[in-house]
Amino acid sequence: MLSGDFPQLHGERNMDLNFSSDKPVSVQAEDRFQRYDFSKRIAESIIQRKNSDGIVIGIYGAWGEGKTSVLNFINQELSIQESILIIKLNPWRYGDEETLLKKFFNKIATTLGRELDNRKEKLGSFISKYGSIGGIFGVDASGIGKSISDVDLEELKNRIDEFLRESQCKLVIFVDDIDRLDKSEIFTLFKLVKLTADFSNTTYLLSFDEQMVASAIGSRFGEGSQKSGENFLEKIIQVPLKVPQAQPDALKKYCFELVDKAINESGLELTKNEVRRFVSEFTENVLLKLKTPRFAVRYGNTLSFSIPLLKGEVNHVDLMLIEALKIFYPAHYSFVKENPHYFLSSYGGHMGYGDSREYKERATVLQENLDELAKDFSKREKEAALNLLSELFPRLNEAFNKNFLHDGANEWFKEKRIVSTNYFKRYFSYTVIKGELSDVQFDSFFNLINESSIADLKEHIERLIQGSSVDNFLHKIRSHEEDLPWDISTKLSLSLAYMGDKFPEGDSLFSFGMDGALAQATIFIYQVIKKHGNKDECLELAKSLMLNPVPFKFSYEVNNWLRTGETEEEKIFSTEQYIQLAKILRQRAIKDSKSKPLFVTFPDHTNYLLGTWKEDNSEELQTYLKSILDKDAKKIKELLWSFTPTARSSNHPEPYKSTFTKEQYEYLISLLDKEYIYERLESSFGGEIAKEKVRFDDRYEHNQTDINILRQFVHWYSKDNTREEK
């Protein structure tokens with residue numbers, strides 16, 4: 001249990017999702033905080049008191065500290081005494097002075113009348129003198145009092161005194177929740193108490209927050225200060241008593257029991273490491289703010305609300321800690337919620353990254369705000385608040401300790417931490433925001449991978465994407481790429497590959513396509529192959545990814561990523577193995593092209609396909625190209641078009657053909673004899689080429705034409721020949 005040295009924090013699931021009640025306790029068996037003996041001693045002093053003068057006892061305590069429970073315990077002890085007449089007055093139910101006075105005197109009349117009926121034999125002389133209870137007040141009880149001035153208090157006092165003396169009873173008047181009243185209502189109540197407190201054998205028991213009530217009353221007297229209110233209370237309250245403070249261990253045990261209850265009801269299970277983390281942070285940085293049982297109840301209830309809504313969707317310990325921040329440090333919680341940039345953004349400039357001045361200024365402003373939030377805290381409370389925030393938001397370690405967290409973001413996303421920009425809002429909205437990927441659904445998908453076919457996995461992935469987005473799904477998948485076993489990695493890789501046409505390319509001019517879903521899916525496959533130790537298995541998977549039904553563009557991107565690396569140590573495969581993969585992809589491209597030339601069907605991939613073909617078998621490549629161009633020389637135009645670089649610019653984001661450069665010329669003639677190419681150009685397009693001069697536009701312009709590309713080839717060809725002649 002949580003009350004032990006090492007709390008369990010999980011248990012058998014219980015679906016009775018009831019919030020814990022904040023209702024005050026009434027019997028000794030329910031006393032968790034050792035208030036019954038205190039209350040019993042007050043009751044005994046009232047019972048045993050010999051002096052008949054009226055007395056006012058104040059029960060002081062902060063909000064939620066247990067004042068009402070103390071009154072209930074006192075009532076429990078007094079109610080078994082026949083000589084004690086009890087009146088409970090709830091002043092917050094009455095909105096004005098007239099109603100308050102009327103109800104007060106009606107309660108006295110009703111209580112004394114009931115006693116009169118019960119003790120007719122003992123009170124015979126009193127009955128013969130006054131008759132019915134209305135005779136005590138001189139009017140019928142139903143019409144008693146419109147204001148204090150309507151009642152002859154001295155005569156009323158004498159009659160009540162006579163009744164209590166002859167009946168040998170004591171009147172005890174309980175007044176609770178005084179600190180719920182507004183200022184004028186509080187003043188009216190104490191006016192009533194002051195005027196009636198000298199009734200004989202009468203005890204007032206008033207419970208309230210002394211500081212709150214003193215502040216309210218003080219505005220009516222003297223300098224209008226709290227001290228003025230305290231002076232007024234001293235004249236009214238003869239016996240001020242403070243509710244005994246609950247022992248920290250008892251509060252801790254009670255709070256942990258409520259946390260246990262919330263966890264068990266939600267069916268949540270925490271690991272030992274999660275338990276340790278929560279208990280450590282809660283004990284060090286939250287318990288010192290646990291002052292009253294009411295705070296424990298509020299915290300238990302907020303967990304009962306939030307855990308079922310976000311179970312599996314967030315980091316559970318972070319959720320429990322941010323909810324603790326909400327209950328015990330509410331101003332800090334609001335600041336975090338409204339200013340996420342202070343807690344989610346990096347302060348890496350302290351370590352020389354980026355604009356150091358901007359980072360320092362932001363850290364300084366954050367420190368000023370945190371100081372203001374904690375201005376009324378003790379030194380220990382201020383430290384605890386900052387420690388709790390730093391545990392939830394490690395970026396603060398960058399801001400204040402210059403501890404730069406270079407790779408933190410990936411781990412935080414993987415662990416669903418509140419510091420992750422992908423999860424922050426979820427902790428405050430208590431739901432998976434529309435468009436986000438539900439972690440519960442994602443985890444369910446993950447658990448099905450082993451037993452599902454590739455076709456079934458494709459359907460599962462498509463449903464997840466439809467409910468969120470392809471980018472969110474791939475981001476989630478990539479966060480797990482380092483931890484996946486090979487069999488799971490293989491199935492996921494094939495599933496992604498077979499639905500490769502669902503992944504669009506990136507459209508950012510400056511990210512070189514790396515931001516696109518196509519790139520992210522293929523990088524995932526590259527990473528899982530790269531980390532796997534069995535290279536034979538890696539090669540077999542890579543080969544299967546080069547074939548149908550994998551979309552050709554996806555196969556090409558995988559092939560391209562697999563060739564990453566400058567040295568033999570950095571590369572995944574040997575040169576021979578790379579040639580094998582390129583050949584499989586090339587043969588597949590030729591087959592997919594059917595009767596069309598490969599460079600017509602796949603113009604964007606011509607450079608790679610023909611370049612690797614040359615690397616594998618140069619003669620075979622030349623035979624293939626000449627078989628096409630000998631049959632139709634005009635196809636040379638499409639060959640050159642495919643070799644011309646494609647560009648984009650900020651002014652023209654759509655792809656367009658750029659300049660056929662000298663580098664492209666030299667690469668092409670390394671694949672096919674330049675004289676052969678020139679002859680086909682002259683025979684098919686010579687006249688058209690000669691009509692205009694070659695044009696070399698700025699690479700950011702998009703006025704390129706297919707004929708101008710031919711002229712550019714001729715231009716480089718002429719220069720090449722001139723150089724040879726020299």
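Mentor: The bend at a residue is the angle between axes fitted to the seven residues ending there and the seven starting there. This is a predicted model, where local features need pLDDT of at least 70, side-chain atom pairs count only at pLDDT 80 or more, and totals for chains, interfaces and linings use all residues. Residues are numbered from 1 along each chain as its sequence is written, and side-chain values use heavy atoms, without hydrogens and water.

Trainee: Where is the kink in H30 centred?
Mentor: Helices (H or I, at least four residues) and strands (E, at least two) are DSSP runs, numbered from the N terminus. H30 covers residues 606-631. Its kink is about 130 degrees.

Trainee: What distance does H30 span between its end C-alpha atoms?
Mentor: H30 has 26 residues.

Trainee: Which peptide bond is cis, with omega near 10 degrees?
Mentor: Look at the loop between helix H26 (535-544) and H27, where Pro549 lies. The cis bond runs from Asn548 to Pro549.

Trainee: Is Asn201 buried or exposed?
Mentor: Asn201 sits in the loop between helix H7 (183-196) and strand S4 (202-208). Its phi is near 55 degrees, positive though the residue is not glycine. Its relative accessibility is 18%, so Asn201 counts as buried (under 20%; exposed is over 50%, partly exposed in between; 1.4 Å probe, protein chains only).

Trainee: What is the relative accessible area of Lys416?
Mentor: Lys416 is in the loop between helix H19 (408-414) and helix H20 (424-429). Its phi is positive, near 60 degrees. Lys416 is buried, with a relative accessible area of 14%.

Technical notes: Expected span 1.5 Å × (residues − 1).
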